[in-house]
Amino acid sequence: MNNPRILFWHRKDLRIFDNQALIKGFSISNAITSTYILDKNYSQDFNANSRAWFLGNSLKELEHNWKKMGSRLVIGEGDPLSIIPQLAKIIDAKFVVCNKSIEPYEINRDLKIKNSLKEINIQFIECWDHLLIEPAKIFSGNNKPYSVYGPFYKNLKSKMELLGSYNEDKEFYHLSDIDKKIRDNQIIKASDSVLKKFLKNIKFSGSKICPCKPGEKAAEILLENFIKEKKIYSYNFARDLPANKGTSFLSASLRFGTISIRKVWNATLNLHSGFENHENHLSIETWQKELVWREFYQHCLFHFPELESGPYRKKWDKFPWQNNNELFQYWSNGETGVPIVDAAMRQLNSTGWMHNRCRMIVASFLVKDLICNWQMGEKKFMETLVDGDLAANNGGWQWSASSGMDPKPLRIFNPYTQAKKFDPICEYIKSWIPELSKVANSDLLNGEISNLEKNNYSKPIVNHNIQQRLFKSLYAEI
Ligand SMILES: Cc1cc2nc3c(=O)[nH]c(=O)nc-3n(C[C@H](O)[C@H](O)[C@H](O)COP(=O)(O)OP(=O)(O)OC[C@H]3O[C@@H](n4cnc5c(N)ncnc54)[C@H](O)[C@@H]3O)c2cc1C
């Protein structure tokens, strides 16, 4: 078969560079047409305004890049189960090529598509791209999937050292486009209007202040800045200070695959000078560990798909949650009267992103102070976060709720102690709660804002010490 036509299906890999399935596709033929489907059964990619913005703009750039290569990106909407085989037939593809997924819905969908393509003699080729190591290829000593982070990190790190570097070749391939008759097909012609309509309907007001940036080019710049501005060398302490822009802001890029995880990991290996200095070395390693937390949660979801719908530790099914909707709304709107919690929720609601330290603080507050089921918070995050990702979000919430893989039995954050430690001069708090800008830092940190200083800011909706005792007594019951 000479230069057979390929349908390349983008999902969480919205890029051309170092895309494993695309490399595979090119090794077969250069007659590649690509597609992205706005999957009506998997609205997780675009059902938050921030993610719709990130996705739409990444697709716009991707479409441009495919055109530059002489081919096209066909954007469809609906059910991939019918669209992919239909599209493959229209362009007379012999192969549909894509990268593997790890979420339960995606795995199931892909299996069905593989079977229906087989019936029409089209081969479905899947590659591994989204993580450094495929979840099905890393196991503990007794051949079981990992459920504890420490040993997972050790094993993965040793494998990464063996893997070494990846292909840095950035050559653009020249592709052959489909002929005019096919271009005139309804589905292909409708593609332009699908993206236009999608972009027009985006209702995200935080695009200027969201620290994550859509598209392959922007992701590369984020990584470059993180390294060139030497933020990676101070990451070990700066990552915990929400007022300090000391993290990479690559979470949405990694979630949508506008950058390859191999490129990101390699950037940490190429910092030879950094490794000579102990502090620098430590910082680089801490950042690597965060990248591995991402891997770990994906690994867990792949092997324990039941995580999607409930706690890993089953005893939490019996916990008597109070789920007070009024308290939940205060939390959600950043109106709890606890400054660090409100600042963080306002950052989330305005920008679509929240600092990691603050994600842990607000999660602990919702679960352990307001005694709301962690799944309420998980849902709110998925409705808002630009990097909202089932595995990372579920992992983060289960960690905070103590219902997940974390071996520590019960972790409760005191939001006032957290603020004293990580926002000691209240720079973060005051930037998100301007009505408190004139309050003395010590009063703010102790939660003792006088009526005169309040400026319409509410008093705390609950007392942390009382709630902590209540939570512990409820916990004792299970
Ligand atoms: C309750 C809760 C919910 C979360 N929900 C999400 C989510 O939906 N999507 C998401 O990508 N991250 C989530 N995180 C993890 C983390 O907060 C973000 O990845 C991080 O804040 C993103 O900022 P950054 O890109 O500047 O990260 P950096 O500090 O620069 O870290 C580099 C990369 O490592 C990964 N990473 C870092 N920390 C974690 C972590 N704890 N768990 C998993 N991956 C991590 C991310 O891909 C991140 O981009 C959540 C954490 C908590 C506590």
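Colleague: What should I know before I start?

Modeller: Residues are numbered from 1 along each chain as its sequence is written. The model is predicted, and local features need pLDDT of at least 70, side-chain atom pairs count only at pLDDT 80 or more, while totals for chains, interfaces and linings use all residues.

Colleague: Which domains is the chain divided into?

Modeller: The bounds come from an automatic or database domain assignment. Here you get domain 1 (1-129), domain 2 (131-165 + 211-303) and domain 3 (314-477).

Colleague: How many residues do domain 2 and domain 3 each put into their contact?

Modeller: Two residues are in contact if their C-beta atoms, placed from the backbone, lie within 7 Å. The C-alpha centres of domain 2 and domain 3 lie 26 Å apart, and the contact takes 16 residues from domain 2 and 19 residues from domain 3. On the domain 2 side, helix 13 gives the most, with 5 residues. By class, that side of domain 2 has 10 nonpolar, 3 polar and 3 charged residues. For the classes, Ala, Val, Leu, Ile, Met, Phe, Trp, Tyr, Cys and Pro count as nonpolar, Asp, Glu, Lys and Arg as charged, and the others, Gly among them, as polar.

Colleague: How should I read a pair of helices?

Modeller: Two packed helices are described by the angle between their axes and the distance between the axes. Helices (H or I, at least four residues) and strands (E, at least two) are DSSP runs, numbered from the N terminus. Axes are lines fitted to C-alpha atoms, for helices over the stretch in contact, with angles from 0 to 180 degrees between N-to-C directions. The axes of helix 13 (residues 278-303) and helix 18 (residues 390-401) come within 8 Å and cross at roughly 95°.

Colleague: Why are helix 13 and helix 18 called roughly perpendicular?

Modeller: Angles of 65 to 115 degrees count as roughly perpendicular, under 35 as roughly parallel, over 145 as roughly antiparallel and the rest as oblique. With axes crossing at roughly 95°, helix 13 and helix 18 are therefore roughly perpendicular to each other. Residues of helix 13 in the contact include Arg294 and Tyr297, and those of helix 18 include Leu390 and Gly395.

Colleague: Which residues are closest to the ligand?

Modeller: A residue is near a molecule if its C-beta atom, placed from the backbone, lies within 6 Å of it. Of the 28 residues around the ligand, the closest are Thr247, Ser248, Asn356, Asn393 and Gly396. Helix 18 gives this shell its largest share, 6 residues. The shell divides into 12 nonpolar, 9 polar and 7 charged residues, and at least three come from each of domain 2 and domain 3.

Colleague: Is Pro242 buried or exposed?

Modeller: A residue is buried if 20 or more other C-beta atoms lie within 10 Å of its own, exposed if 12 or fewer, and partly exposed in between. Pro242 has 27 within 10 Å, so Pro242 is buried. You'll find Pro242 in the loop between helix 9 (231-238) and helix 10. Its C-alpha atom is separated by 7.0 Å from that of Asp423, 181 residues apart along the chain.

Colleague: What about phi angles?

Modeller: Most residues other than glycine have a negative phi, and most peptide bonds are trans. Asn3, though not a glycine, has a positive phi of about 45°. Asn3 lies before strand 1 (6-9) and counts as exposed because it has 11 C-beta neighbours inside 10 Å. Ile371 has a positive phi of about 55°, and sits in the loop between helix 16 and helix 17 (374-384).
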